[in-house]
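Q: I would like a close look at one part of this model. Please keep it brisk and tie the part to its surroundings.

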Amino acid sequence: MGRSRYAGGQVIDDNHFPTWTDPVARNPMGPDILGGVEAIEHVLKAGERLDHLAHRYYGDSDYWWVIAVANRIQDPFALVPGTRLRVPSDVRSILDKVQR
């Protein structure tokens, strides 16, 4: 796994982010975003985050929200090891749907 762009960065407590907006609320398509796109099942391991998975499967950690929306995850920081996630296999077709 590649080095996270956040490694060595300053840690800021949650009080600096009082207006968290979850990706499910921002995207009314919800899990329907998959719309026929196949998904890979991934069982979350200790230390993994959605941005790690997006980097692994899509080559870009900025697409973490695709996994969040596909799984109706409202708080990505509350995920625990062993959680089964659907990782959409074709991120480009999903991006096309969202950008319409």
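In which helix is the place of Trp 65? Please take that helix and what surrounds it as the part to examine.

A: Trp 65 has its place in helix H3. The model is a predicted one. Trp 65 is buried, because its relative accessible area is 18% and the cut-off for buried is under 20%. Pro 76 lies eleven residues away from Trp 65 in sequence. In space, their C-alpha atoms are 9.2 Å apart.

Now the core. The largest nonpolar core holds 18 residues. Leu 50, Tyr 58, Tyr 63, Val 66, Ile 67 and Leu 85 have the most contacts inside it. Helix H2 (50–58), helix H3 (64–70), strand E2 (84–88) and helix H4 (91–99) each supply at least two of its residues. H3 gives the largest share, five residues.

Leaving out residues up to four places away in sequence, Tyr 63 touches Ala 54, Tyr 58, Val 91, Arg 92 and Leu 95.

Next, the loop between H3 and E2. Arg 72 sits there. Its phi is positive, about 55°, yet Arg 72 is not a glycine. Most residues other than glycine have a negative phi.

Last, the setting. The protein has four helices and two strands. From the N terminus on, their order is α-β-α-α-β-α. Of its 100 residues, 35% count as buried. Among contacts between residues at least 6 apart in sequence, 72% join residues at least 24 apart. The accessible surface is about 6,700 Å², and carbon and sulfur atoms account for 50% of that surface.

Notes. Residues are numbered from 1 along each chain as its sequence is written. This is a predicted model: local features need pLDDT of at least 70, side-chain atom pairs count only at pLDDT 80 or more; totals for chains, interfaces and linings use all residues. Side-chain values use heavy atoms; hydrogens and water are left out. A nonpolar core is a set of buried Ala, Val, Leu, Ile, Met, Phe, Trp, Tyr and Cys residues joined through side-chain atoms within 4.5 Å. Buried means under 20% relative accessible area, exposed over 50%, partly exposed in between (1.4 Å probe, protein chains only). Contact means heavy atoms within 4.5 Å. Accessible areas come from the Shrake-Rupley method with a 1.4 Å probe; for residues, only the protein chains shown count as cover.
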